[in-house]
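I open the notebook on this chain. I list what I looked up, one topic at a time.

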Amino acid sequence: MANKTQEVGGIHFPFPFTPYSIQKDFMAELYQVLEAGKIGIFESPTGTGKSLSLICGALSWLRDFEQKKRQEEARLLETETAPLNDGKAQPPFLSSSCQEAPDTLRPAGEPDWVTQFVQKKEERDLVDRLKEEQTRRKKREERLQQMRHNAQLKYVAKRERQEEDETERLLRLSREVLAAGTGAEPLEQLTSGEEELVLSEYESDEEKGAATGLGEDEDDMEEEHVTKIYYCSRTHSQLAQFVHEVQKSPFGKDTRLVSLGSRQNLCVNEDVKNLGSMQLINDRCMEMQRSKHENKSRAEDEEKEPKRRRREPRTACPFYNYTQLQLLRDEVLLELVVLPYQMLLHAATRQAAGIRLQGHVVIIDEAHNLIDTITSIHSTDVSGSQLCQAHSQLSQYMERYRKRLKAKNLMYIKQILYLLEKFVTVLGGNIKQNPNTQSLSQTGTELKTINDFLFQSQIDNINLFKVQRYCEKSMVSRKLFGFTERYGAVVALPREQPRLAGFQHFLQSLQPGVTGAPAALVEEGEARAPRPASPLRHVEGFLAALTTANQEGRVILSRQGSLSQSSLKFLLLNPAVPFAQVVKECRAVVIAGGTMQPVSDFREQLLACAGVEAERVVEFSCGHVIPPDNILPLIICSGPSTRQLEFTYLKRELPQMMDETGRILCNLCNVVPGGVVCFFPSYEYQRQVHAHWDKTGLLARLAVRKKIFQEPKRASQVEQVLMDYSRCIKGCGQVGGMVTGALLLSVVGGKMSEGINFSDDLGRCVVVVGMPYPNIKSLELQEKVAYLDRTLPRSPGQLPPGKVLVENLCMKAVNQSVGRAIRHQKDFASIVLLDQRYARPQILAKLPGWIQDRVEVKATFGPAFAALRKFHHEKSGLS
């Protein structure tokens, strides 16, 4: 595949093949957005080569940007004349370290010789800084060559030694603290390894400056500002696909790229991966890091022994790959960073990963769920059962090590216990009783502001910021988890101490669904459920949300039948608050996706609320690459028996409405070859319709032409259903007969409405039954609607912002579902929307542009059926 360079508007875009015209437009618009430092909302339907357009457009801009910057630096160094002589601003290409604001404005009427002297001094300083940057850049380029040849870097070894020394120092300090004790009374001897469970002395409550990354002796490694591109997507599989596209592109060989991820995704240790919970994986990984000194000495002993058997192959841990970490840290060596949503959108995670966005470019792909993702990342909940378990475990921990803990540790542990007790009390429970057997007198859901919740819980006198900081710095939840692993397992081990037997039985009773009988051991080969993480970790997450929130946060008190089923949930109402920091720091932000309509959510809820001026936002939406006659979108307003199709909550459960839906599908299955995918508003409604059709015989009529499959509720079964569905369609196409394919009954917003490829015969027709509005009775949605109505301006003649939100949530889900069918340039399919409400102008305007241009509204079923039959007859004959 020969690389070709395309010139669009005087800009050269290397491309692996001749691009579509819409790809040229996409790259040119993307280039201008990055050049002007704007916020771009880009929509490019699936099958139009969006990933390659993003890669070639963004990396072409970065190539030109760096080239212009170096040319400008070279010019200044050659002439040793800065552009300050003519009074113009410094070029935008210069490094941020060179762009320093003048200290003060010089007074008017100043002598000319003074002004000239100051200008010359500024020019000399600028040239000196440019020379220093050039020297540092040369050093880094030399190190890059060493890294490419796998040479050992000195400071990597130094960093490793520093970490080992620090670990030894902490262990030595811990031993000294344990040896010193707290009083004259002799301390009980700890068992092997138990000293690591005791909290070290907590040095200070006060806020400290940001932790220094690598020490003062490595200041020479600090890099000048070099613009990078951060590309993030929703899943690691999408990121892997993007990296593969980069490698295939003309920039593949020259682009310096690193992919980031969590331990859960990068871990290569099977035993650790099988723990299931992310919290457990993190804890176990840190524990293994602490014991690396023992492993090293053991490895040295093994090397001395004669090699009698083949060793098991070992893989270097990608998470601790020093080369990767060096790439991330040494910014001049890096151009493209690939990472999942959560690492970029969550400030604490960004800081932990060493991600600095100042002056860089962020591209957020598959961004149709961006607002929901930000809200979900910053929302957290904790159950009554977890609160009771955390209180019980922490109480036992304190009693076990009371004599060995310093006063400050004891003070904070008592404060945490007090908070846990008050959280349980506000739910209506008693911390001293079993949460599974506690029935609550008052049930229901209640929503509070953060201040109201603190007052009602009677914890407004506790400094939550200090408690949260203590939890973070002391790692108390990790120590507590190790303690519980040792003494509090559900299945009692013979070697455990008898004095903790009562603790074991109490913890056992706290496990949901576990009675007083000993738990049976899991049979070999049986599926093991993921082990639960430390309950105190969930409490820490809730405290972190309370302390980082502003007035847009709410706490939901959900009181169910028993305390164990009740919960406290923190809800973030305004996702623009955490996103504003990203927008403020970045040079430019690109929000891209295959289906971004309706765009008003991004403009109003995210960007406007984040303080972005309207003129800085650029929208770009391109059409599809398929010919106009390869798609037939229909809105059908009535069925074969002339019943109006309006699937509201009141009407959709009527037997007549379900019968009408069945008759429509029977007619469609008679004329549509291959696969038909039918989306229902909810799992419950799909179940009701399926049961009704089975009872009336409509299911048997459908099965004459299509084999029927249903979307499973369990994610683990989705792949098997899709394989059976695909196998059935391919088999019917080869054999022939009465059965012409398959009918897949799915759910809007379910497991098959996003990320699934129903190309070619797998999806010749997509049907959406009704409009999948969210549950307006949800307290969270009601509060969100009220918040938007209260904060966003309402345009004259327009719906209230809250009602627009509900409508947009519905249409985003519909747009994702209908986009499953058309996946490449030669594909064809029909799209059928069964509800007369789709014909309303404000609803039509929220469909993707490539569907809006071709949609036909059919008031009656006869003309719609005729158009479908003609379309599929012609296309099937051609194919």
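**Entry 1: H15 and H16.** I looked at helix H15 (residues 407-426) and helix H16 (residues 450-457), whose axes come within 9 Å and cross at roughly 100 degrees. I take axes as lines fitted to C-alpha atoms, for helices over the stretch in contact, with angles from 0 to 180 degrees between N-to-C directions. Helices (H or I, at least four residues) and strands (E, at least two) are DSSP runs, numbered from the N terminus. Lys422, Phe423 and Val426 of H15 make the contact with Phe453, Gln456 and Ser457 of H16, where contact means heavy atoms within 4.5 Å. I sorted the residues of this contact into 3 nonpolar, 2 polar and 1 charged. Here Ala, Val, Leu, Ile, Met, Phe, Trp, Tyr, Cys and Pro count as nonpolar, Asp, Glu, Lys and Arg as charged, and the others, Gly among them, as polar.

**Entry 2: the source.** I note that this is a predicted model, in which local features need pLDDT of at least 70 and side-chain atom pairs count only at pLDDT 80 or more, while totals for chains, interfaces and linings use all residues. Residues are numbered from 1 along each chain as its sequence is written, and side-chain values use heavy atoms, with hydrogens and water left out.

**Entry 3: H14 and H20.** Next I took helix H14 (residues 384-401) and helix H20 (residues 535-548), with axes that come within 8 Å and cross at roughly 115 degrees. That makes H14 roughly perpendicular to H20. On the H14 side I found Gln386, Leu387, Gln389, Ala390 and Gln393 in the contact, and on the H20 side Pro535, Leu536, His538 and Val539. These residues divide into 5 nonpolar, 4 polar and no charged.

**Entry 4: the sheet.** I traced an open sheet of 7 strands in the order S5-S6-S4-S7-S12-S3-S13, with parallel pairing. Two strands pair if DSSP finds at least two bridges between them. Strand S5 (257-259) and strand S13 (617-621) are the edge strands, each pairing on one side only. On average, neighbouring strands of this sheet are turned by 15 degrees against each other, direction ignored. Helix H5 (residues 236-248) packs on the sheet and touches strand S4 (229-233), S5 and strand S6 (336-340). The direction of H5 makes about 160 degrees with that of S6. I also found helix H22 (residues 600-608) lying across S3, S12 and S13, at about 150 degrees to S3.

**Entry 5: strand S12.** Strand S3 (residues 39-43) pairs with strand S12 (residues 588-593) in the parallel sense over 5 bridges. Ile41 stands opposite Ile591, and Ile39 opposite Val589. Strand S7 (residues 361-364) also pairs with S12 in the parallel sense, over 4 bridges; Ile363 has Val590 as its bridge partner.

**Entry 6: the whole chain.** I counted 31 helices and 20 strands. Of the 879 residues, 49% are buried.

Key. Parallel < 35°, antiparallel > 145°, perpendicular 65-115°, else oblique. Buried < 20%, exposed > 50% of the residue type's maximum accessible area, 1.4 Å probe, protein only.
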